[in-house]
Amino acid sequence: MEASILKEFLETIERLVREELVPAEEETIASDRVSERIRGLLRDLGLYGMTVPEEYGGLGMTSAEEVEVLFRLCFASVAYRNLLGTNNGVGSGALLAVGSAEQKQKYLPEIAAGRIVTAFAITENDSGSDASSLRTQARKVEGGWQINGVKRFITNAPEAQLFTVLARSSERPGASGISAFLVERNTPGISIGSPEKKMGQQGSHVADVILSDVFVSDSSMLGGEGEGLKLAMRLVNRGRLTIAAASVGVAERALHEALQYAIQRRQFGSRIADFQLVQALLADSRAEIAAAKALVRETAGRHSAGEDIQLDASCAKMFASEMAGRVADRAVQIHGGMGYMVGTVAERLYRDARLFRIYEGTTQIQQITIAKQMLRQLG
Ligand SMILES: Cc1cc2nc3c(=O)[nH]c(=O)nc-3n(C[C@H](O)[C@H](O)[C@H](O)COP(=O)(O)OP(=O)(O)OC[C@H]3O[C@@H](n4cnc5c(N)ncnc54)[C@H](O)[C@@H]3O)c2cc1C
């Protein structure tokens with residue numbers, strides 16, 4: 001995207017956040033739903049297809065451009081970004097990476113326009129961090145595959161029309177026996193569990209996806225047989241970068257709320273913002289946000305240039321998500337007792353930020369990845 005167009009687009013996002021998304025937050029959280037009006041605004045700006053190439057109706061943004069949008073968008077409730085996350089991530093990324101020309105033509109324009117919401121289903125009851133142990137079965141039958149299994153914690157499952165499901169398609173153990181399948185919501189045998197009651201991030205939903213004798217044709221396989229997990233791993237770096245960028249956005253908001261509170265709250269005859277111990281909390285947060293932002297920007301730039309960023313994507317995801325937790329915690333502290341009250345923005349952000357350390361690879365999984373990469377580089 002040309003620099004001047006990107007600048008204008010980012011200003012539009014800032015306006016959308018200020019004038020529409022932040023004012024709509026309370027309703028989104030209370031109703032646990034992003035309204036049709038807001039969905040329409042997100043669609044009109046092309047946000048469901050930020051990373052989809054222009055030839056399929058998307059905005060064709062690079063990672064470096066996408067993270068700039070996410071820094072700004074996630075100043076407002078992350079429920080808005082969650083709606084778009086999979087369409088811009090693995091939902092379109094997997095199709096672009098290994099989809100057939102037919103699959104791309106059929107789905108990518110719908111994904112980019114936000115006419116369909118996508119979900120990516122790997123996790124199961126007994127298979128989380130160790131995705132290679134998943135048990136959902138895809139059995140070869142005449143003309144296609146029959147899928148049976150239960151996927152857990154699938155983001156956007158209640159609203160998605162297209163699922164990418166990872167299932168075991170051969171007797172081969174571990175990752176090499178796993179394939180990816182495109183499964184449309186209206187396929188007989190697929191049902192969605194009740195949305196989970198989550199700690200935070202109200203307005204977006206996770207639920208079980210239950211597959212019971214679901215038949216999909218041969219052409220529904222995405223990529224080669226046995227290459228499903230490899231595909232997910234290929235796309236994970238960009239996913240980690242987007243969570244890191246979202247963490248920065250949430251942290252920026254937490255600091256904004258803390259600062260606003262600190263200049264209006266008075267104790268001992270002064271604004272609490274004038275106490276140096278409170279200033280230290282604010283300053284630490286400012287510096288940590290700046291560090292995370294720089295790391296995300298630098299890593300996204302290298303990803304856009306085609307470099308291998310596996311180690312740095314893990315560093316960015318780990319550092320930014322842990323940083324958002326610390327910044328949100330300080331925001332609660334600065335609000336004092338008020339920060340502990342349900343309904344304050346600081347309290348909500350504290351809960352919302354907690355997820356970033358868990359999905360898209362927990363902090364411990366990032367540590368393992370970083371250490372492995374360092375040792376590999378030593379030879
Ligand atoms: C809100 C939400 C949305 C989600 N969305 C999706 C989605 O859209 N699609 C999807 O497929 N999944 C999704 N997930 C699942 C998510 O990816 C998993 O929860 C995550 O990967 C962790 O797996 P787990 O919950 O089974 O934890 P576990 O893997 O059981 O981990 C439990 C603890 O053990 C630690 N641990 C595990 N292995 C190791 C190890 N080798 N060394 C050290 N520590 C280890 C972990 O770090 C963690 O602290 C979502 C989860 C949530 C909560």
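How do α5 and α7 lie to each other, and which word describes the pair? Before the answer, a word on the model. This is a predicted model, in which local features need pLDDT of at least 70, side-chain atom pairs count only at pLDDT 80 or more, and totals for chains, interfaces and linings use all residues. Residues are numbered from 1 along each chain as its sequence is written.

Now for that pair. Helices here are DSSP runs of H or I with at least four residues, strands are runs of E with at least two, and both are numbered from the N terminus. α5 packs against helix α7 (residues 228–264) at an angle of about 130°, and their axes are 10 Å apart. Axes are lines fitted to C-alpha atoms, for helices over the stretch in contact, and the angles run from 0 to 180 degrees between N-to-C directions. Angles under 35 degrees count as roughly parallel, over 145 as roughly antiparallel, 65 to 115 as roughly perpendicular and the rest as oblique. α5 and α7 are therefore oblique to each other. Their crossing is right-handed; a crossing gets that name if the near helix is turned clockwise from the far one by less than a right angle, and left-handed if anticlockwise. On the α5 side, Val90, Gly93, Ala94, Ala97 and Val98 make the contact, and they meet Leu231, Ala232, Arg234, Leu235, Arg238 and Gly239 of α7. Being in contact means that the C-beta atoms of two residues, placed from the backbone, lie within 7 Å. By class, this contact has 7 nonpolar, 2 polar and 2 charged residues. Ala, Val, Leu, Ile, Met, Phe, Trp, Tyr, Cys and Pro count as nonpolar, Asp, Glu, Lys and Arg as charged, and the others, Gly among them, as polar.

Two further helix pairs come next. The axes of helix α9 (residues 310–334) and helix α10 (residues 345–354) come within 9 Å and cross at roughly 160°, so these two are roughly antiparallel to each other. α9 passes α10 in a left-handed crossing. Helix α3 (residues 63–73) and helix α8 (residues 276–304) have axes 7 Å apart and pack at an angle of about 150°, which makes α3 roughly antiparallel to α8. From α3, the contact uses Ser63, Ala64, Val67 and Phe71, while the α8 residues include Lys293, Val296 and Arg297. The α3 and α8 contact splits into 5 nonpolar, 4 polar and 2 charged residues.

Zooming out, the protein chain is assigned domain 1 (3–113), domain 2 (118–225) and domain 3 (230–378), with bounds that come from an automatic or database domain assignment. The centres of domain 1 and domain 2, taken over C-alpha atoms, are 23 Å apart. Their contact takes 22 residues from domain 1 and 16 residues from domain 2. On the domain 1 side, α4 gives the most, with 7 residues. That side divides into 10 nonpolar, 9 polar and 3 charged residues.

Finally, the ligand. Among the 19 residues around it, Gly128, Ser129, Thr155, Thr362 and Gln364 come nearest; a residue is near a molecule or strand if its C-beta atom, placed from the backbone, lies within 6 Å of it. β1 (118–121), β3 (144–155) and α11 (363–378) each give two or more residues to this shell. The shell around the ligand has 12 nonpolar, 6 polar and 1 charged residues. Domain 2 and domain 3 both give residues to the shell, so the ligand lies between them.
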